[in-house]
Amino acid sequence: MAELATGPTKSGRRASCVKREADSRSASWRALARGQASDERQGTRDDSLSFGLYVHVPVCRSKCRYCGFYSLPADRVDAPRLVDGLLLELDRCERTGFCTAYIGGGSPSSLPVNDLLRLVQQVRRRCLPAAEFTVECNPGQVDAGFLEGLRTAGVNRLSFGAQSFLARELELLGRGHSVEQIGAAVTAARRAGFENVGLDLIFAIPGSSPADWQASLDAAVALNIEHVSAYSLSFEPGTVFEAWRRAGRLAAVDEELDRAMYEWTIDRLERAGLRQYEISNFARPGFECRHNLGYWANRPYVGIGPAAASCLTLDIREGGRRITNDADIERYLAAVESGRPAPAQTQVVSPDDAVCETAVLNLRRRGGIDLAEFRRRTGLDPMRIFADPIERYRAMGLMEVTDRAVRLAGRALPVADTILCDFSALD
Ligand code: SF4
């Protein structure tokens, strides 16, 4: 499970290559699509003009009971064929010079190591030298040789799906790994040379008490990792958890406790030096996930693989399009193997929608909307076009405004989704 479950969510990560956008409308669009800007910046860490690359590996050892993302159990997938298909789609993408790459899923660590390394090596070839390159791993599926292979192939960041440090919660979630394997995976990652390691955690697991969640957070902090993503459990349609809830076998944690757990998360992680930089994400300074920062800046990205998505809004003032590959491995492989584009849905993003999406995504960052950056990219003044919600929430103490930024106040974070709705359309 990915650390990014918000903004462009995992189901919203994308596919389809820039190549398909040959009918792009403006000179600036075409220049960016050819990768000129990013090619000139090789070796830098300024991601502001570059694309991110997301590769979706929709395979897991088994299905977790809470998971609503598209993935199939590994024993039902021909892994070498899937990786061949991903490489075919990647080959047809003309773009290179990605500033970040993220192989997620699913659990990419469910693939046989040689197949995963084939994928990693081809992705690495398309990245800038200073690119951040993350692979998601299940802590129960890695060992020293596996992690050394990833490090040698150019992966420089790992995200482990830990979720909980309580054995009974891991069992309830259906995670398929133990508490001990989380610590062992982080230790093995350090030995393999990884200096940037993150954990995904879930709070408000049914039956969880404040002490349970605090124990999980304490255990995560004790591992001295660089990054934590912490999300409240949601009951997704089609999951075992949702069926159990409807049948009365499982009850959601009540809202007050959910909120208390979230507030405790912020306090505990900040005290440990993991600064909150987005609603659900925390990092040591300098270890914020650059790939996800690209999503929250509303920068373009290319997605490869079944159910992956691409955001091709290159100039916010012109709008763009979002392309989402169909969530079906067989149809995906049949298409790419016969030289056709991956089956996908295309959504046109109007200029107004692109402006609003930028505001909503920016507000997820603790830094909020950078007024100068927003004006430069959209040609619009956020203080004018969002005057009503900004003034209303400022009066309620839920929004802070300086001469440089507009951001959610700390007390607004638990109700952020409600507030962000008011930035989703222009009057
Ligand atoms: S590991 Fe579990 S949570 Fe993550 S994508 Fe697979 S089934 Fe979903």
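Biologist: Why is Val179 called partly exposed?

Modeller: In this predicted model, Val179 has 18 C-beta neighbours inside 10 Å. A residue is buried at 20 or more and exposed at 12 or fewer; the count of 18 lies in between, so Val179 is classed as partly exposed.

Biologist: Where is Val179 placed, and what does Val179 touch?

Modeller: Val179 belongs to helix α7, residues 179–191. Leaving out residues up to four places away in sequence, Val179 touches Phe165, Ala167 and Leu170. Its C-alpha atom is separated by 9.9 Å from that of Glu169, which is 10 residues away along the chain.

Biologist: What makes Arg404 partly exposed?

Modeller: Arg404 has 13 C-beta neighbours inside 10 Å. Exposed residues have 12 or fewer and buried ones 20 or more, so a count of 13 places Arg404 in the partly exposed class. Arg404 is found in the loop between β16 (399–401) and β17 (405–408). Beyond residues up to four places away in sequence, Arg404 touches Asp370 and Leu371. Gly367 is 37 residues from Arg404 in sequence, with 9.9 Å between their C-alpha atoms.

Biologist: Why are α3 and α4 described as roughly parallel?

Modeller: Helix α3 (residues 79–91) and helix α4 (residues 113–125) pack at an angle of about 10 degrees, and their axes are 9 Å apart. Angles under 35 degrees count as roughly parallel, and therefore α3 is roughly parallel to α4.

Biologist: Which residues form that contact, and how do they divide by class?

Modeller: From α3 come Ala79, Pro80, Val83, Leu86, Leu87 and Leu90, which meet Asp115, Arg118, Leu119 and Gln122 of α4. By class, the contact has seven nonpolar, one polar and two charged residues.

Biologist: How do you know that α8 is roughly parallel to α10?

Modeller: The axes of α8 (residues 210–222) and α10 (residues 255–271) cross at roughly 25 degrees and come within 10 Å. The limit for roughly parallel is an angle under 35 degrees, so α8 is roughly parallel to α10. Their crossing is right-handed. On the α8 side the contact is made by Pro210, Trp213, Gln214, Leu217 and Val221, and on the α10 side by Ala260, Met261, Trp264, Thr265, Arg268 and Leu269. These residues comprise eight nonpolar, two polar and one charged.

Biologist: What is known of the largest nonpolar core?

Modeller: The largest nonpolar core has 91 residues, and those with the most contacts inside it are Leu53, Val55, Ala101, Ile103, Phe203 and Val228. Strand β5 (residues 127–137) contributes the largest share, six residues. Apart from neighbours within four places in sequence, Val55 is in contact with Leu86, Ile103, Leu119, Val123, Ile304 and Gly305. A second, separate core of 21 residues includes Ala354, Val360, Leu363 and Phe386.

Biologist: What share of the protein chain is buried, and how many helices and strands are there?

Modeller: Buried residues account for 48% of the 427 residues in the protein chain. Its secondary structure comes to 17 helices and 17 strands. Among contacts between residues at least 6 apart in sequence, 72% join residues at least 24 apart.

Terms used
Residues are numbered from 1 along each chain as its sequence is written. This is a predicted model: local features need pLDDT of at least 70, side-chain atom pairs count only at pLDDT 80 or more; totals for chains, interfaces and linings use all residues. Axes are lines fitted to C-alpha atoms, for helices over the stretch in contact, and angles run from 0 to 180 degrees between N-to-C directions. Helices (H or I, at least four residues) and strands (E, at least two) are DSSP runs, numbered from the N terminus. Angles under 35 degrees count as roughly parallel, over 145 as roughly antiparallel, 65 to 115 as roughly perpendicular and the rest as oblique. Two residues are in contact if their C-beta atoms, placed from the backbone, lie within 7 Å. Ala, Val, Leu, Ile, Met, Phe, Trp, Tyr, Cys and Pro count as nonpolar, Asp, Glu, Lys and Arg as charged, and the others, Gly among them, as polar. A nonpolar core is a set of buried Ala, Val, Leu, Ile, Met, Phe, Trp, Tyr and Cys residues joined through C-beta atoms within 7 Å. A crossing is left-handed if the near helix is turned anticlockwise from the far one by less than a right angle, and right-handed if clockwise.
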